[in-house]
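Let's take a walk through this structure together, one region at a time. Please load it in your viewer and follow along.

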Amino acid sequence: MNRTNVQARKSWLPNDLTDAEEKLMDQKVIDGRAHAAGNLKVISQDVEVLKEQGWNPQLISVMVGDVQEAALYVRNQKRIAEQAGIAFREKRLPESITEAEMQAAIAGLNADPSVSGIILQRPMPAHLNVKALQKAVHPLKDVEGMHPESIGNIVYKEMELGPCTAMAAVEILKSTGLKLEGLEVVVIGHSEIVGKPIAFLLLAEGATVTVCHHMTHNVAVHTRRADVVFVAVGKAGLVTGDMLKPGAAVIDIGINQVVDAQGNSKVVGDADFESCSQVAGWITPVPGGVGPVTVSVLMRNAVTATQRQKAHYESEYSHRFVPAGMSPVGL
């Protein structure tokens, strides 16, 4: 990251940095946007290869009701998909939809030969069982990596379609050049889609992992000995500089909307950036850190899903004729 880039992102950097401090920030702040851009170049090339072979990746976004938070994510996903050459279609369903109707809608998308991947946008109405719906998505179309099969495969180091945020967070850590074998890692947060998968991914790499959560008595005792701290709990400023080992890497996955003393609303992470950046060897900003990489991993999963469906078709249905641009039938 150069000084121009630092100056361009004053939304997440302190406003009174000296030249020396800015140089230090260049070395330690992990630029998620740049990392994602590199991913998308490779993904775009893979998409072109698939298209030349007659396979057009397409993502379907399923939203229930009118949820503004989800709408923002959908716009971002669509924009990035288009950059990568991946088709993106929105399917909006009424908030009153029953779970049986949702299951039927997902079954229809599973059977649709033009659909490569299905995204279930959250939050969803309380009367819908999100876990059951995630399980209803066919594993070959599970681009979010939320199906029990996708998450379970992590234990066996089969990570082709892993949970996007967890995969992105670990990918960012690898970009630091740190050797993961034997690394002391603390993960704060033990959700099924972020904290736990991160722990399993790192265990597969040979790291020593401690998982902290709301029942952990003294989180700082654990973080102060860690070479790396991941935090994903949704609590602004939870991790502060005095909780870190000097030189540790901080991978901040939290997203929180806060109001400052002047009444301005802004997005911050779970780590207090100002104090943590004075101690950490590497740190991800919020916004501009894990988020962009997560979306790029979603697009990579779309390519992987298409490739796997292509292989499935070729092994199971090679005797049938399929017009160019079609995906496998009979999943």
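With which side chain does the side chain of glutamine 121 make a polar contact? The partner is the side chain of serine 61, at 3.1 Å. Keep in mind that this is a predicted model.

To find glutamine 121, look in the loop that runs between strand 3 (117–120) and helix 6 (130–136). Is glutamine 121 buried or exposed? Its relative accessible area is 5%, under the 20% cut-off, so glutamine 121 counts as buried. If you leave aside its neighbours within four places in sequence, glutamine 121 is in contact with Ser61, Val62, Met63, Ala70, Tyr73, Val74 and Gln77.

Next, turn to the open space in the model. Rolling a probe the size of a water molecule over the atoms shows where empty space is left. The largest pocket holds about 1500 Å³ of space. Its lining counts 41 residues, and those closest to the centre are Tyr73, Thr165, Ile255, Gly291 and Thr294. You have met Tyr73 already, among the contacts of glutamine 121.

Which element gives the most to this lining? That is helix 12, with six residues. Helix 12 spans 290–316, and it is one of several elements that each supply at least two lining residues; the others are helix 3 (32–52), helix 4 (68–84), strand 3, helix 8 and strand 8 (256–259). Sorted by class, the lining of the largest pocket has 23 nonpolar residues, 13 polar ones and five charged ones.

Finally, a look at the cysteines. A disulfide is a covalent bond between the sulfur atoms of two cysteines. How many disulfides does the structure hold? The count is zero. Cysteine 164 has a relative accessible area of 8%, so it counts as buried. Cysteine 212 is buried too, because its relative accessibility is 1%.

Note on methods
Residues numbered from 1 in each chain as written. Predicted model: local features only at pLDDT ≥ 70, side-chain atom pairs only at ≥ 80, totals over all residues. Heavy atoms only, no water. Helix = DSSP H or I, 4+ residues; strand = E, 2+ residues; numbered from the N terminus. Buried < 20%, exposed > 50% of the residue type's maximum accessible area, 1.4 Å probe, protein only. Polar contact = N/O pair within 3.5 Å; in protein donor to acceptor, adjacent residues only side chain to side chain. Contact = heavy atoms within 4.5 Å. 1 Å grid on protein atoms, 1.4 Å probe; cavity = no way out; pocket = protein on both sides within 12 Å on 5 of 7 lines; lining within 4 Å. Points joined across faces, edges and corners; volume = space filled by probe spheres on them. Nonpolar A, V, L, I, M, F, W, Y, C, P; charged D, E, K, R; others polar. Disulfide = S-S within 2.5 Å.
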